[in-house]
Every structure is written in C-alpha cells, then in structure tokens.
Amino acid sequence: MSKAKAIENKEIVQAIVIADSYNDNFQPFTSTKPLALLPVANVPLIEYTLETLNRNGVEEVIVFCSSHIDQVKRHIADRQAARCTWSTGMRVSIVSSEACRSIGEAIRDLDARNTIRGSVLLLGVESVTNADLAALLEEHKRLAKVDRGAVMTVVYKEGLRRMRTGNEVLVAHDPTTRRLLYHQRLAQHERERSFELPLDLFLANRDVAVCHGLLDPQIAVCSQAALPLFADNFDFLTRDDFVRGVLINEEILNSRIYVAKLAREEYAMRVNNWQSYHLVSLDVINRWVYPLVPDTAISEFRQQYKHFRNNVYRHRNVRLSRSCELDGDLVVGEECEIREGTYLRQSVVGRGCRIGRNCRIVNSFLLEGVTVGDGTVLSHCVLERAVTVGSRCTIEPGTVLGEGVEIPDGLTVGGLLLQASEPAADEWGTTPVEKIADRAYTIPVLDEEDSDSDEEEGGSGQPALNQPHAIAPLPERYPASVYEPSDEECDSGPASPVPEDANIFLSEVVESLKRGLAEKSNAEYLILEINSSRYAYNMALCEVNYYVVKAILQIMLQQDGVATNTVGTLRRLLAYFGVVFRNYIRDRDAMMDCLKALEEMCPASETVRAKLPQLVHYLYEADLIGEQVIIEWYDGLADAGLQAALSKLVQWLQESSEEEEDDDDDDDEEEED
C-alpha cells in the first residue's frame, strides 16, 4: 500500500461536543451567557472539555451550539488566536442551529451534514473528566469488530453516597460482555425505597450484574451507525431516549449498547445544575481532576496561579490585607482585592472582585467583577458577573444572583434566584415575580412537589425541561472527594478499621511511596495510588492522614544516617513527598493526625522519641504544622516523658506568639498616632 493510500485510509479521531444543556437549570446565567462559558475555578467549562480531548489525541472537534452562538464562536476564535495549548494540534469547528431544542435534534442535524466518518466521542460541554478517553475509543472499536451491532459504549462512574445530583442511574448489564440490558435514571430527591426490574431480564440472561447509583457524566463512544438511528427516530430527544429505544427494540434495530466503568482514580462528573457546579468546583480545587487543576494553567502555556498549603490558589496579581484569612480550598483570581478581617473558605473569587472588611465567605462562588461591602456574609451561593452586594448583607444558602444584580445595604436574601431586570410578562407564565430591590427580581424555581408531579406524569424520573431548580444544601465542611464522602464527623486520630485492613493499607502506602522515591515519578500520581487503596479498604480520611505520615516516618527510619541526622533526613524526603504530605495534612484536624502519628511512633522507635522536639520544630518552621495545634496536642499528651521533652519548644512557641501580638499592638498604636 502506498504512503498516500495509507494516509487516506487513516481514520481521523473525532469528537462531538454538545455545547447546550437544553434546559434552564443554570438560570439566570444562561439567559445572557452560553453554558460553555460558565467558569469552574475561573476557567470556562469548554476549556476543560477541549483540553481533555486534546490530551487524548483527538484531532477534530465539532462543537454544536444552539444558544448564544456568537459568544461561543468569539471565544473559540480568541483562544485560537492566542495559540492556547489545544489549538496547536486539534481542529475545532463550530456547527450551529438555533432551531435545535434537544440533543437528538442536534445529532440529527450533524448526521444530515455527513461530518462524522467513523467512531466518535460524544460528550457534553458540561462533562468534566480526566479519564483516558483514547482507551475507551479503542475499546469500542475492538467491540465493534466483534459485534457489528455495537452502536454505543456509555461511560459510568461509581457514584456518591447519600447525595443525589440528578446524574445517577441504575443499570443492569452482562458482566462478561458488558452489554447493557437495563437502564433507569434515578429521581433526584432520592425517595425510592425499592426498584422494579422486569423478570424477563433475568430469565433471558444467564448472568446479570445490577449497579445502583452510578454517575452518568454524559460521555459515550458512538459508532457511525448511531447517528442514523437518531435520524430515523424523531422521538429520541435525549441520550436516555436513545438508550431506552435501543434496549426496547434491540432485535428490530439489530443494535446493542455496551457499558464502560471508569477506574477509581479517573474522575468524571457532569455539571448539570448549580448543586453539581458546587461539587465539581470543589473537586477541581481538591485536585481530583488532576492534571486539570488551577496551578497547571488549563489550556495555557504560562502558569497563572501559585499553589499554597490547604489548596489555596492565588493569582500572581492580587491585593490581600495582612489580616484577611484564607482558610483553605480557595481560588483567588487576578486583580482581586480582599480587605482587613475578611474570612474565606471553600470558595472561588473571580477576576477583579472587590471584597470589603470583616466579611465571611464560605462555600460561595464569585464570578468576574463582583463587589462585596463591609461586614457581609455569603454562604453557599453564586454571585455572577458584576454583582454588587452592599454592606452588612446576608446572602443565605441556595441563592444565585444573576449578572448585574445589586443588593442594597443591610438586606438578607434567602435561597432565591435573582436577575437584574424585570422579566417579560410571559417569560415565566403566570408565576408571580417579586421585586427585591431596584436591580433584583426573583426567578421562580421548581419546588419538590412540582418535581414529583412532573415525574409521575412523565414517568422518566426527570424534572421538567426549561425550569430552574434551587440549589440543594451542601455540608459546611466539604468532604475530601465527591466520590468518597467522609464519615459524618471523624474525630481526629486513627479510627478502628479491621486491623488486617489497616496493616495492608499501610503496607501499600509504604510500597507506593518507596517506588515513587526510587523512580522519582510525579508525586501527584502517588496521591492517586493512595486514594485508590483508601477506597479498596474503606479508610476514613483521618485514618489516611495518620497512615500517610506513619509511612513517611517508616521510610525515614530506613534511610542511612538517620540516627545522627534525623531532621535532615526528613527534610530530604519531604522535598519529594511534600506534595503528598500537603495534600493530606491541610487543616487543624489533619495536623493533629500527623502529630498523633509521630507520638505513636515513639514507643517503637528510639530515634523518633529522642528527636521528637526537633522533628516537631522542623514541621512548624516548614509551615506544615500550626502553632496552636502543637500546643493543643502537647496539652493532651498522656506520656509525661514526651511532655517534658517538648516543654521548651512549647514555651518558645507561646513566647513568640506573645511577642508577635505585642508588635501588632505597637503597629496599631503608631498608625493611630
């Protein structure tokens, strides 16, 4: 075969990205902006999607748009002109049709254009993932050679516990071939007590695996025959309709669907409403979507953010008061200003935001150009572009303030969706609209009773289309991973798993760390390995903190010369393991877990016992352990010998703290003069 013929026969790796959700779950944002430009950790959703596809070797991407088309085209053109990472090796084209009102119509439009030339990745712009999509594509091609009727491979991920986002499904499949046999989307409000599956499912199949609560990130691999099936069946409006239709008419259509479940270390989640937006934003901050994290400069060649302890990401150009407190899990964007006495935790602050004095901002997301007055409290809310909130306001959980909304001083807003201008008379039908302020009008939301009635009428367990939903509450302290919520409240210190499991987990962590140290591999990958072992042995987060520190200490004791240079040995190890250490030892409770690991190593190691004050002092000086945590741990020590050894260090810490307070008082007096 000639070289020209080989190039001609080579199949181009293609992907279809549906850039619209075809509902109003993101009102009021989507009334003026496309979903593709909704920022997650200050990066638009479409950048995550295109960067992932580029990393998986996709050569051609077709982005299908139905609303705010010009804004999407302008963004893609600007990014290509700026020569971002995905623009150099991947061709991105925009296909648009304002008449399309569903995914089915979009795919029928693409089928009519004859743009797809083989197996293709199909995903929504709201699908955030770091999965190996190239491997999924190759596996589907292999299946298609064995079974010519394989039209689609749908991708699922092990789901959440005790939480529903509207992305969960119940599926049954053949465990040997992975052929999908049954599919049911679960109700978002989690009211099912039992499930009914057809008896024929078990009579007609020798082996059936039933999986409950899988997450559906809306990622699939489609054969070329899948698009004509959409074209021939106009009742296929969503991908669920397609799956259900193929399963019902499998023999008539001679088509089959297969299941692919992602590995534990692979992340995939769909941003389908404001609740999942919160979850995915915090997962990005917590580095579960690595390498798509703020400090790796997503789709940029130049790093924009610096990564600090407790997952605080700060742009290089920000203005922070000395007395503001950045507690953890934060992204602070370019040209932001945060004034004195303000406290922030588990939040994202967009470009050019101005936050006043003595504010408290927790689990909230501020888009570009937001202004917050002095003494204001924001909790579990979203403030869109150019929002202004006055002084002494309280924005309660579940609130979304649309672009340009202005909240006057002293106002409390509880759980409302607000837009800046009065909606048209027929925009929300007969539902009354309330005026909160001159530039703040309510948007009606679907309550649970309405949702239930819609589910009974439609029978699909889905909320009505084109209807906003309120944000469901999230816990004040967000768990370490959306996939593995920690126990309700885990007391600091190791809990009591089955001893064999704890020992095996510890040995696996030690082996992973040893192998990484020997090979000098990327330390970020060690975190994925440790998390995978954590899931396998059902370890709570506080247990993981304890055993990771214990593993590092065990490796330290095996190094040459550790008895004479203990601190130097630990310093050398943390030069490599520092990323792992900081990932787990982040807040007060985790620091206490670390100190308890040191304490419990003392009876087994005379080296650790003798050098304990120096080790603790080094961790303090390296800004890995806080002063107050050390003092609290010291006060609770049961070993009088350890207390005596640590007494000078603790006394020094207390005296240093008092001197700093005196210096601050002197500075304040000078400023007043």
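Biologist: How many of the 10 residues of helix α8 are buried?
Modeller: This is a predicted model, in which local features need pLDDT of at least 70, side-chain atom pairs count only at pLDDT 80 or more, and totals for chains, interfaces and linings use all residues. Residues are numbered from 1 along each chain as its sequence is written, and side-chain values use heavy atoms, with hydrogens and water left out. Buried means under 20% relative accessible area, exposed over 50% and partly exposed in between, with a 1.4 Å probe and protein chains only. Helix α8 is mostly covered, and its count of buried residues is 8.

Biologist: Which residue caps the N-terminal end of α8?
Modeller: Helices (H or I, at least four residues) and strands (E, at least two) are DSSP runs numbered from the N terminus. A polar contact is a pair of N or O atoms within 3.5 Å; within protein, one must be able to donate a hydrogen and the other to accept it, and residues adjacent in sequence count only if both atoms are side-chain atoms. At α8, a side-chain oxygen lies 3.3 Å from the backbone nitrogen of Asp240, and the residue that carries this oxygen is Thr238.

Biologist: Which elements are included in what covers the buried residues of α8?
Modeller: The buried residues of α8 include Asp240, Phe242, Val246 and Leu247. Contact means heavy atoms within 4.5 Å. The cover includes β8 (150-156), β10 (180-185), β12, α7, α9 (250-253) and β13 (256-261).

Biologist: How many aromatic pairs does a search of the whole structure find?
Modeller: Rings of Phe, Tyr and Trp (its six-membered ring) pair if their centres lie within 6.5 Å; planes under 30 degrees apart count as stacked, over 60 as edge-to-face and the rest as tilted. The search of the whole structure gives an aromatic pair count of 11.

Biologist: Is the pair of Phe230 and Phe242 stacked or edge-to-face?
Modeller: The two ring centres are 4.6 Å apart, and the angle between the planes is 10°, which makes the pair stacked. The pair links distant parts of the chain, with Phe230 in α7 (residues 226-232) and Phe242 in α8 (residues 239-248), 12 residues apart. Phe230 and Phe242 are buried. The class of the pair is stacked.

Biologist: What class does the aromatic pair of Phe236 and Phe242 have?
Modeller: Phe236 and Phe242 are buried. Their rings lie 5.7 Å apart, centre to centre, with 80° between the planes, and the pair is edge-to-face.

Biologist: Which ring does the charged end of Arg314 sit over?
Modeller: A charge sits over a ring if NZ of Lys or CZ of Arg is within 6 Å of the ring centre and within 35 degrees of the ring normal. The charged end of Lys520 sits over the ring of Tyr576, 5.6 Å from its centre. For Arg314 the distance to the ring centre is 4.5 Å, and the ring is that of Phe308.

Biologist: Which residue of β6 is the bridge partner of Ala15?
Modeller: Two strands pair if DSSP finds at least two bridges between them. Strand β1 (residues 14-18) and β6 pair in the parallel sense over 5 bridges, while β6 and β12 (residues 219-222) pair in the antiparallel sense over 4 bridges. β6 (residues 120-124) has 5 of its 5 residues buried. The partner of Ala15 is Leu121.

Biologist: Which strands stand at the edges of the open sheet of 6 strands?
Modeller: The strand order is β17-β20-β23-β26-β29-β32, with parallel pairing. Two strands each have a single partner, so one side of each is left without a neighbour in the sheet: β17 (319-320) and β32 (406-407).

Biologist: Why does Arg79 count as buried?
Modeller: Arg79 is in helix α3 (residues 69-81). Leaving aside neighbours within four places in sequence, Arg79 is in contact with Glu47, Cys84, Trp86, Ser87, Ser299 and Glu300. Arg79 counts as buried because its relative accessibility is 13%.
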